[in-house]
Amino acid sequence: MVDEEKILITGASGFIGGWLAETLCLSGSAKVRAGIRSWSSAARLARFPLEIVLCDVLDKEQIVRAMTGTKRVIHCATGLRDVIVQGTHNMLTVAQQLGIKRFVHLS
């Protein structure tokens, strides 16, 4: 049974984030909102019944839009040092502001 609360997964176009988004979606465990950095990386995820949103972790406005309406976040985005450090800081700041219940960071 699908939990009605959506889970935002950042880095969903990557290996771990993509696998997690697909698995949660196909198992019916949760409604998934897949956060990706650019639309050019959406093709693999577009095959599944999940919501795809832009979520560049260096862009706080995109993070707010992606997190709004969710209560749980699985942060899988990775990249260069600024993406890891500043991106994670941005994600945590917005999560705190929006009252996210659960935040999981995979590193």
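Let's start at Lys101, which counts as exposed at 59% relative accessibility. This is a predicted model, and Lys101 pairs with Glu5 in a salt bridge whose closest N and O atoms are 3.1 Å apart. Glu5 sits in strand β1 and Lys101 in the loop between α3 and β5, so this pair ties together parts that are 96 residues apart in sequence. Glu5 itself is partly exposed, at 28% relative accessibility.

By the rule used here, the chain has six salt bridges. Here are three of them:

| Pair | Closest N and O atoms |
|---|---|
| Glu5 and Lys101 | 3.1 Å |
| Arg44 and Glu22 | 2.8 Å |
| Glu51 and Arg33 | 3.1 Å |

Arg44 is partly exposed at 35%, while Glu22 is buried at 15%. Glu51 is partly exposed at 28%, whereas Arg33 is buried at 7%. Shared partners also join Glu5, Arg72 and Lys101 into one network.

Now for the whole chain. Three helices and five strands follow one another as β-α-β-β-α-β-α-β. The radius of gyration is 12 Å, close to the 13 Å from the globule rule for 107 residues, so the chain is as compact as a globular protein of that length. Of those 107 residues, 43% are buried.

Definitions and conventions. Residues are numbered from 1 along each chain as its sequence is written. This is a predicted model: local features need pLDDT of at least 70, side-chain atom pairs count only at pLDDT 80 or more; totals for chains, interfaces and linings use all residues. Side-chain values use heavy atoms; hydrogens and water are left out. Helices (H or I, at least four residues) and strands (E, at least two) are DSSP runs, numbered from the N terminus. The radius of gyration is taken over C-alpha atoms; the globule rule is 2.2 Å times the number of residues to the power 0.38. Buried means under 20% relative accessible area, exposed over 50%, partly exposed in between (1.4 Å probe, protein chains only). A salt bridge is a side-chain nitrogen of Lys or Arg within 4 Å of a carboxyl oxygen of Asp or Glu.
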